[in-house]
Amino acid sequence: MSVCGFGPTVRTFFPLMALAMALFGAGCAASTPPPVAIVAPANEADFEPPLKIDWIAELTPREDEPVFMPVEFSAPGLDDNRAYVGTARGQFFAVDRSDGRVVWRYDAWGPVESTPAITADLVIFGDSEGTVYALNKKTGRARWTYSAATEILGGLATDGDRLFFGTSDNRVYCLDLATGQWKWTYQRELPVTFTIRGISTPVVRGDRVYMGFSDGYAVALNRQDGKEVWKNLLRIDDALVDVDATPLVVGDRLYIAAYDGSLYCLGAESGDVLWKMDNGGSISPPAVRGNYLFVAGTDGRVYGLSRADGSVLWQADIRDLDKDHSLAGAPRRRLKIPTAPLLVGTTLLTGSSDGYLYALDARDGSVLWRYYPGYGLSGDFAYADHRVYFLGNGGQLFALRPSLFPPDPLY
């Protein structure tokens with residue numbers, strides 16, 4: 001979420017329902033210090049982005065826009081030469097990273113919201129019909145397919161020999177990467193209460209697979225056989241207990257966001273909660289650098305946190321800057337589904353589902369510039385060779401080259 005889940009990370013939601021839930025959750029009080037003051041620019045030129053648009057690939061034809069204006073949740077996967085991404089029309093593309101030329105296209109059975117896994121010779125993705133496709137990267141021809149029969153909304157992960165992915169019925173699958181043969185399945189019960197449409201992306205570290213579930217659990221599984229190593233029920237007292245964001249594992253700690261607006265830090269070995277941060281609205285999976293974490297939330301704020309204890313070091317309120325593309329004029333309704341932040345140098349990028357792409361100074365949260373890609377963005381970023389790639393709502397794949405990223409490492 002795909003944003004919780006943002007992602008992502010995490011970071012996939014049914015757009016209208018998710019926005020309604022975000023508006024509801026935003027009414028909760030945030031137990032954080034006052035936001036950093038941001039003064040609106042005197043004119044739009046003060047926020048002109050210092051970037052070059054290398055190319056924009058029109059994956060959804062413009063003539064389709066009046067009838068079909070999709071929300072796109074897939075994030076591009078990259079190798080040395082190409083970007084791979086799927087669309088809500090059920091089409092999966094290989095795009096030349098040098099010029100945005102479509103190299104090949106594969107038509108899936110259903111909309112593609114997952115982020116692909118990439119190996120030396122394969123690109124693997126899933127669709128909303130529950131089919132996994134393993135394609136030859138050069139030709140786009142299918143090597144094998146596998147039917148899980150339930151929506152595949154998150155990203156796919158591989159350890160080089162096996163493929164791991166989650167489905168919307170709270171299952172995790174493990175397949176043989178070379179053949180698509182089933183190895184194991186792990187399943188949790190679906191909650192009896194209402195849940196948000198989305199699923200976390202499995203994260204493979206060592207002999208474990210980490211994942212969050214819509215019943216409020218974070219779980220570590222044995223990579224070889226899918227047996228539980230540990231599980232921790234993080235949410236039990238809210239109507240929406242979903243833990244659908246993609247986990248982030250750094251050293252001996254695991255960071256995972258819940259839909260209620262909580263970010264948890266767990267011991268990766270034990271699953272014990274080390275600290276918890278609450279912001280009152282759904283938040284993204286975090287970005288990390290050194291001793292710092294960065295998240296964005298549907299409360300209209302971006303946060304810089306301490307990795308040690310989750311304390312808020314700064315927060316930036318970007319609701320007023322996003323009001324030009326709000327669904328309503330009231331501040332509480334200037335809320336969007338945010339993307340997982342991307343940190344490059346000291347610049348933090350984040351976007352919103354029908355607003356801007358923002359660049360903030362990661363040291364203090366001040367807004368450096370903003371860029372409106374036409375219909376907002378719902379999927380996460382990919383970054384390589386000084387380019388930022390993302391799929392905008394409406395089906396355009398962007399390749400942007402920010403020219404003023406500070407080269408020095410953060411702090």
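## A chat about a predicted chain of strands

Me: How much of the chain counts as buried?
Reply: Of its 411 residues, 61% count as buried, where buried means under 20% relative accessible area, exposed over 50% and partly exposed in between, with a 1.4 Å probe and protein chains only. This is a predicted model, in which local features need pLDDT of at least 70 and side-chain atom pairs count only at pLDDT 80 or more, while totals for chains, interfaces and linings use all residues. Residues are numbered from 1 along each chain as its sequence is written, and side-chain values use heavy atoms, with hydrogens and water left out.

Me: And what is the secondary structure?
Reply: The chain comes to one helix and 32 strands, these being DSSP runs numbered from the N terminus, of at least four residues for helices (H or I) and at least two for strands (E).

Me: Which strands make up the open sheet of four?
Reply: The order is S18-S19-S20-S21, with antiparallel pairing; two strands pair if DSSP finds at least two bridges between them.

Me: Which are the edge strands there?
Reply: They are S18 (248-250) and S21 (273-278), each of which pairs on one side only.

Me: What about S19 and S20?
Reply: S19 (residues 253-257) and S20 (residues 262-267) pair in the antiparallel sense over five bridges, and the bridge partner of Tyr255 in S20 is Cys265.

Me: Switching to the hairpin of S8 and S9: which residue takes a positive phi?
Reply: That is Gly140, with a phi near 80°, in a hairpin that has five residues between the strands. S8 (residues 131-136) and S9 (residues 142-147) pair in the antiparallel sense over five bridges, and Thr131 stands opposite Ser147 in S9.

Me: How many salt bridges does a search of the whole structure find?
Reply: It finds 16, a salt bridge being a side-chain nitrogen of Lys or Arg within 4 Å of a carboxyl oxygen of Asp or Glu.

Me: Which parts of the chain does the pair of Asp54 and Arg401 link?
Reply: The side chains of Asp54 and Arg401 meet at 2.9 Å, N to O, and the pair links distant parts of the chain, with Asp54 in strand S1 (residues 51-58) and Arg401 in strand S32 (residues 396-402), 347 residues apart. Arg401 is partly exposed, with a relative accessible area of 27%.

Me: What about Arg143 and Asp121?
Reply: Their closest N and O atoms are 3.2 Å apart in a salt bridge. Arg143 lies in S9 and Asp121 in the loop between S6 (117-118) and S7 (122-126), so the pair ties together parts that are 22 residues apart in sequence. Arg143 is partly exposed at 42% relative accessible area, and Asp121 is partly exposed at 36%.

Me: Arg301 and Asp317, buried or exposed?
Reply: Both Arg301 and Asp317 are buried, and their side chains meet in a salt bridge at 3.7 Å, N to O. Arg301 is in S24 (residues 301-306) and Asp317 in S25 (residues 312-317), 16 residues apart.

Me: Which residues do shared partners join into one network?
Reply: Salt bridges that share partners join Lys52, Asp54, Arg387 and Arg401.

Me: Last topic, Arg162: what is its nearest side chain of opposite charge?
Reply: That is Asp159, 5.6 Å away, and Arg162 is buried yet has no salt bridge; Lys and Arg count as positive and Asp and Glu as negative, while His and the chain ends are not counted. Arg162 is found in strand S11 (residues 162-167), and its side chain reaches the backbone oxygen of Gln224 at 2.7 Å.

Conventions
Polar contact = N/O pair within 3.5 Å; in protein donor to acceptor, adjacent residues only side chain to side chain.
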